[in-house]
Amino acid sequence: MHLLLRTRVAQPPARVLSGFDRTLFVALAPPFPKLHLLRFDGSRPGDRVEIELAVGPKRWRWTSLITEAGQLPDGSQYFIDEGQQLPAPLRYWRHRHLIEPNPRGLGSVIVEDITYRTGSRVLDVLLYPAMWAQFAYRRPVYRRVFGRPQG
């Protein structure tokens, strides 16, 4: 299943990328399920992020590896995290964080480009609204941290 969300912010791509740190990661976490950050190395290839998701007494571990990062010819910045250990029912996770120059002028567009699979097409579709909501939650956080674009 593919999920794509776009958020315009006031800061340029390089500044936005440099802001993807531990503090931002924690701020981006939605209120449910409860997230405990166990490890955050950064956003460069080889870095790991480990979290624990909690719903009541139940706990799930999620480990992602940053597999790629770089700059595109148009000035876009990106990094990709891929799930290594995923909570059920997820079996596959690839999240490309792309920060494009805003085509309307100043600032950037943060693109959340996510592909996930559970092993069941029906379950993938059923999870889509919850996945969308989890990442739509990030929009006001991004704008608070990187500024709301003018115009």
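Predicted model: local features only at pLDDT ≥ 70, side-chain atom pairs only at ≥ 80, totals over all residues.
## Cis peptide bonds

The peptide bond from Phe-32 to Pro-33 is cis, with omega near -5°, and Pro-33 is found in the loop between α2 (22-28) and β2 (34-40). The bond from Ala-88 to Pro-89 is also cis, with omega near 10°, where Pro-89 belongs to the loop between β5 (77-85) and β6 (92-101).

## Aromatic pairs

The count of aromatic pairs comes to seven. Among them is the pair of Phe-20 and Phe-146, whose centres are 6.4 Å apart and whose planes are separated by 25°, so the pair counts as stacked, the limit for that class being under 30 degrees. Because Phe-20 lies in the loop between α1 (13-18) and α2, while Phe-146 lies in helix α4 (residues 138-146), the pair ties together parts that are 126 residues apart in sequence. Phe-20 is buried, with a relative accessible area of 10%, and Phe-146 is buried as well, at 5%.

Trp-62 and Trp-93 form an edge-to-face pair, at 4.9 Å centre to centre and with 85° between the planes. This pair links distant parts of the chain, with Trp-62 in strand β4 (residues 58-71) and Trp-93 in strand β6, 31 residues apart. Trp-62 counts as buried at 13% relative accessibility, and Trp-93 is buried with a relative accessible area of 4%.

## Cluster and charges over rings

One aromatic cluster is formed by Phe-20, Phe-79, Tyr-142 and Phe-146.

The charged end of Arg-96 sits over the ring of Tyr-78, 5.4 Å from its centre, while that of Arg-117 sits over the ring of Tyr-92, 4.1 Å from its centre.

Methods
Residues numbered from 1 in each chain as written. Heavy atoms only, no water. Helix = DSSP H or I, 4+ residues; strand = E, 2+ residues; numbered from the N terminus. Phe/Tyr/Trp six-rings, centres within 6.5 Å; stacked < 30°, edge-to-face > 60°. Buried < 20%, exposed > 50% of the residue type's maximum accessible area, 1.4 Å probe, protein only. Lys NZ or Arg CZ within 6 Å of the ring centre and 35° of its normal.
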